[in-house]
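Please read them with the coordinates open.

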Amino acid sequence: MIKAAASGAIRVEGGLVVEGVAGSPVVFTSLMDDSVGGDTNGDGDATAPPSDASGSSWSGVHVLDGGSATVRFAEVRYASYGIATVDERGYSSPRANVVDLSHVTMVQSPIRISVDRSGSNAGTATVRVEDCTVRDTSGDGISVTATGVPVGSGTQIPVPVVQNNTVTGAGGVAVDVRGDKLDGALLRGNSGSGNQVNAISVTGTLVTDTTIPLGGLPLALNGRSSAWRYLTVASGVTLRVEQGAVIKSLAGGLRVEGGLVVEGVAGSPVVFTSLMDDSVGGDTNGDGDATAPPSDASGSSWSGVHVLDGGSATVRFAEVRYASYGIATVDERGYSSPRANVVDLSHVTMVQSPIRISVDRSGSNAGTATVRVEDCTVRDTSGDGISVTATGVPVGSGTQIPVPVVQNNTVTGAGGVAVDVRGDKLDGALLRGNSGSGNQVNAISVTGTLVTDTTIPLGGLPLALNGRSSAWRYLTVASGVTLRVEQGAVIKSLAGGLRVEGGLVVEGVAGSPVVFTSLMDDSVGGDTNGDGDATAPPSDASGSSWSGVHVLDGGSATVRFAEVRYASYGIATVDERGYSSPRANVVDLSHVTMVQSPIRISVDRSGSNAGTATVRVEDCTVRDTSGDGISVTATGVPVGSGTQIPVPVVQNNTVTGAGGVAVDVRGDKLDGALLRGNSGSGNQVNAISVTGTLVTDTTIPLGGLPLALNGRSSAWRYLTVASGVTLRVEQGAVIKSLAGGLRVEGGLVVEGVAGSPVVFTSLMDDSVGGDTNGDGDATAPPGVGDWNGIVALPGGVAQLDGVDVRYAATALSVTGAEAAIHGRLTDSGVGVSSDGSHVDARDVDWGTPDGPAPGDVIGAGAQIAPWVGYTGSAATSSGRTTACLNVQPRRVQGRCSLWPEGFWRGAPRHEGKHVLPLDNAGVHGRCRRIRVLQYVDCRLFRRDRECCRQANRDSVPGTCCAGC
């Protein structure tokens with residue numbers, strides 16, 4: 001018996017060997033302890049040792065640096081530090097060599113051992129606490145820490161043995177073991193009761209395969225110290241948790257670098273929970289009802305199960321409660337740890353604990369990863385319920401992108417998205433059957449690349465395209481893959497979009513359309529974002545909520561009976577940056593309603609063996625767009641028979657409230673019969689603008705919207721009537737243009753009549769056809785040159801009767817074509833321009849009885865008399881008209897030329913005035929005053945000798961049908 005008074009202690013710098021035996025232990029106790037060794041201090045009952053753990057009588061046995069203590073069959077009573085590796089001040093003294101305790105009973109005296117082996121040639125240490133009993137301590141019953149950072153082979157991390165001990169009445173954790181090299185087989189069989197935390201807390205690094213339960217005390221992950229927050233399962237090591245086990249934690253967590261296998265069964269799950277959770281495993285923290293786990297998802301008690309790089313976790317029939325990260329591929333700081341090998345969860349219930357998995361396989365020989373979340377239940381999380389990301393950029397065959405399985409799960413009360421799946425290789429069949437309610441976003445959000453044919457709905461939760469991250473903005477349907485969307489499906493998005501490199505088939509029906517809309521749109525599919533009326537989609541076309549449906553190169557989209565709402569690009573052939581993606585194969589839309597969402601389609605087939613494309617927009621409705629309502633461009637420069645220019649179909653659509661042109665069609669091969677029946681109102685430009693090349697006979701009006709030639713782009717300035725094709729414009733039609741024009745290589749027949757002319761005019765001309773550009777008086781009145789005019793090209797024939805042409809640069813320009821124009825020509829820069837080709841411009845109202853003003857007619861070949869209001873001398877015969885005029889020639893650039901002041905307007909300009917070449921000589925270098933006879937014949941107007949002979953025997957050399 002060894003007794004001590006006050007703060008006395010035994011300090012061991014050398015060796016202590018205690019050799020008690022069963023029935024005759026060695027006793028270390030207080031001088032006031034009369035129960036053993038008698039009344040050593042001779043005061044009778046005047047003094048006594050402390051009655052409970054709140055006090056102590058002496059310091060205890062201190063094993064200092066270099067010291068060794070081997071204790072067998074002993075008792076230590078009433079010592080504040082019990083047996084400990086501390087110095088006299090209570091500071092850790094971690095360089096002890098041996099602390100080997102067995103069959104030691106500690107009364108109101110803890111065991112506190114901390115050893116460290118770091119550096120070079122530091123050897124190792126022995127730490128063993130076995131078959132000991134600890135009663136009534138103010139803090140932890142048994143506390144063992146064994147650490148080390150060896151340098152070289154001369155230092156080994158100590159492996160602690162803490163087994164078959166019993167702890168009762170401890171004011172802290174019954175048994176707390178921390179170590180850098182833990183062997184689970186050496187931590188078994190500890191028991192206890194009545195402790196503040198009735199568990200064995202194990203943190204540090206587990207280096208041997210271990211099975212839980214350890215026997216006796218349940219396992220706790222008690223991260224009271226930031227340095228010892230986690231139990232880490234080392235690489236190559238497996239922690240196996242058997243059915244019915246309960247693992248609790250406060251602030252700590254489990255990190256898996258090796259393997260975790262949880263083997264719960266139905267009715268006997270494994271439970272990971274808070275140390276404050278008394279509903280399972282009893283009142284482990286021994287405080288009755290004084291503490292409880294967080295009542296809602298705003299708080300958490302511990303970190304969770306972290307699967308780190310190289311780690312694997314297979315969990316069956318388990319519960320995880322009150323963990324901030326739940327089950328996650330993150331490190332202790334919460335940063336992503338995406339190189340896990342396996343995260344395979346089934347029949348797992350998560351309470352106030354999310355599932356957050358992110359794996360990546362990139363580079364060479366990186367193998368693959370298994371990600372499976374199936375038949376799980378997640379309740380009341382502060383963020384997303386289930387979040388899975390599976391990515392990869394393989395190099396070579398040794399790396400495969402992981403394919404995640406997320407199916408048949410139920411999520412309720414999540415503060416974010418119910419289920420969020422992101423991946424570079426998604427199989428839609430493996431994402432089915434997830435359900436939920438009461439979530440902030442009650443949907444399954446899927447972004448990444450879909451690599452298998454998939455049908456929507458997925459069953460249960462509606463699909464969302466939730467582009468919260470710029471790296472995961474779109475769901476992409478890969479080339480060769482088809483996404484099929486069935487009637488009645490609702491797909492919502494916030495900032496995201498759908499990209500189609502393969503095929504999209506939308507199969508709505510009348511009365512049950514497919515709806516693509518904003519996540520904030522509560523009018524369909526309910527309050528998916530769970531915020532009541534706190535948010536709403538944009539009230540007008542100035543804003544948008546998501547990107548839309550993008551059909552990319554090689555992609556096809558066939559959409560029937562659908563609605564697209566609040567999408568900036570609506571349905572478009574653009575990539576994620578909004579740049580044109582013109583190699584789509586099919587964009588076929590019918591009975592589609594677009595709300596604050598445009599249709600923007602551009603396809604091109606150029607080169608050899610490029611095939612063709614299908615572009616069809618029919619029976620669609622477009623409302624309230626910021627720009628054009630429907631914009632379609634179909635082009636091509638084929639090489640060989642393997643490429644065909646696409647012919648767009650844009651008909652029977654209705655556009656209202658567009659901030660640009662109602663319908664804009666541009667194409668290299670336009671069929672007018674396929675552009676009919678479009679209507680609209682309230683659009684900025686309430687017209688169908690058609691530019692490009694018309695390849696079929698067409699009649700204007702097209703029905704509904706008036707035709708516009710809107711040359712906003714220099715590449716699409718004109719509507720060209722191809723050779724062999726006739727464009728017929730019926731009486732009363734109004735065709736407006738801004739910067740555009742009409743080119744005739746085939747035939748143009750304008751059939752205006754008195755009182756119902758055909759009008760070609762400026763888009764800003766509100767006096768006819770209404771306020772087509774929808775700006776009231778906001779733009780200036782129409783002016784000369786607002787549009788280019790009508791151009792008749794070689795081989796073309798233009799017959800314009802009852803026409804009214806206004807505000808053109810040149811109302812009618814003729815080059816190598818046959819043309820006749822009868823009607824009204826006003827307010828244009830030039831009325832008629834000819835390269836000498838015959839233009840029958842008789843009976844034209846030039847706006848004044850004086851006829852065309854200087855500059856109204858350019859070039860030889862235009863027959864202008866008589867005009868409306870003409871009173872001069874004129875004789876007609878067989879369609880021929882002659883008129884005489886006395887004029888004085890003048891010398892211009894060395895030639896005698898006529899500067900006409902009468903009805904003839906010559907072609908070439910000099911110093912801004914028109915001149916008619918006569919001869920090169922004149923008389924003695926002076927120009928002769930001559931008498932001009934003009935001869936005009938609409939059928940025989942040709943530069944040939946026969947024409948000149950018939951016109952005037954004295955014709956000026958080189959000038960046909962005019963002479964002196």
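The points below start with confidence and then go through individual sites.

1. Confidence. This is a predicted model. Its mean pLDDT is 89, and 90% of the residues reach 70 or more. The exception to keep in mind is residues 874-964, where the pLDDT is below 50; this stretch still has 186 contacts in the model beyond near neighbours in sequence. Where pLDDT is low, the predicted coordinates should not be read in detail.

2. Cysteines. How many disulfides does a search of the whole structure find? The search finds zero.

3. Valine 359. This residue belongs to strand E32, which covers residues 355-360. With a relative accessible area of 1%, valine 359 is buried. Apart from neighbours within four places in sequence, its contacts are Pro338, Ala340, Ala369, Val371, Thr389, Ala390, Thr391 and Pro402. For one of these, alanine 340, the separation from valine 359 is 19 residues in sequence and 6.1 Å in space, taken C-alpha to C-alpha.

4. Asparagine 439. The loop between strand E41 (435-437) and strand E42 (441-450) holds this residue. Is asparagine 439 buried or exposed? Its relative accessibility is 4%, so it counts as buried. The asparagine 439 side chain reaches the backbone nitrogen of glycine 413 at 3.1 Å. Glycine 413 is also among the residues that asparagine 439 touches beyond four places in sequence, a list that includes Val411, Thr412, Ala414, Thr528 and Gly530.

5. Threonine 698 lies in strand E66, residues 698-700, and is buried at 5% relative accessibility. Its side chain reaches the backbone oxygen of threonine 696 at 2.9 Å. Setting aside neighbours within four places in sequence, threonine 698 is in contact with Gly672, Thr726, Leu727 and Arg728. Isoleucine 700 is joined to proline 701 by a cis peptide bond, with omega about 5°. Proline 701 itself sits in the loop between E66 and strand E67 (707-710).

6. Proline 866 is in the loop between strand E81 (862-863) and strand E82 (875-877). Note that residues 874-964 have pLDDT below 50.

7. Positive phi. Which backbone angle deserves a check at glutamine 108? Its phi is positive, about 50°, although the residue is not a glycine. Glutamine 108 lies in the loop between strand E8 (98-107) and strand E9 (111-116), and is buried with a relative accessible area of 10%. Tyrosine 807, likewise not a glycine, has a positive phi near 60°. Its loop runs between strand E75 (797-806) and strand E76 (810-814); at 15% relative accessibility, tyrosine 807 counts as buried.

8. Largest pocket. The volume of the largest pocket is about 270 Å³. Its lining consists of 17 residues, and those nearest the centre are Ile601, Ser602, Ser631, Thr633 and Arg666. Strand E55 (599-604) and strand E59 (630-635) each contribute at least two residues to the lining.

How values were computed. Residues are numbered from 1 along each chain as its sequence is written. This is a predicted model: local features need pLDDT of at least 70, side-chain atom pairs count only at pLDDT 80 or more; totals for chains, interfaces and linings use all residues. Side-chain values use heavy atoms; hydrogens and water are left out. pLDDT is the predictor's confidence in each residue, from 0 to 100. Contact means heavy atoms within 4.5 Å. Helices (H or I, at least four residues) and strands (E, at least two) are DSSP runs, numbered from the N terminus. Buried means under 20% relative accessible area, exposed over 50%, partly exposed in between (1.4 Å probe, protein chains only). A polar contact is a pair of N or O atoms within 3.5 Å; within protein, one must be able to donate a hydrogen and the other to accept it, and residues adjacent in sequence count only if both atoms are side-chain atoms. A disulfide is a pair of cysteine sulfur atoms within 2.5 Å. On a 1 Å grid over the protein atoms alone, a cavity is a set of points where a 1.4 Å probe fits but cannot get out, and a pocket is an open set with protein on both sides within 12 Å along at least five of seven lines; lining residues have an atom within 4 Å of a point. Grid points are joined across faces, edges and corners, and a volume is the space filled by probe spheres set on the points.
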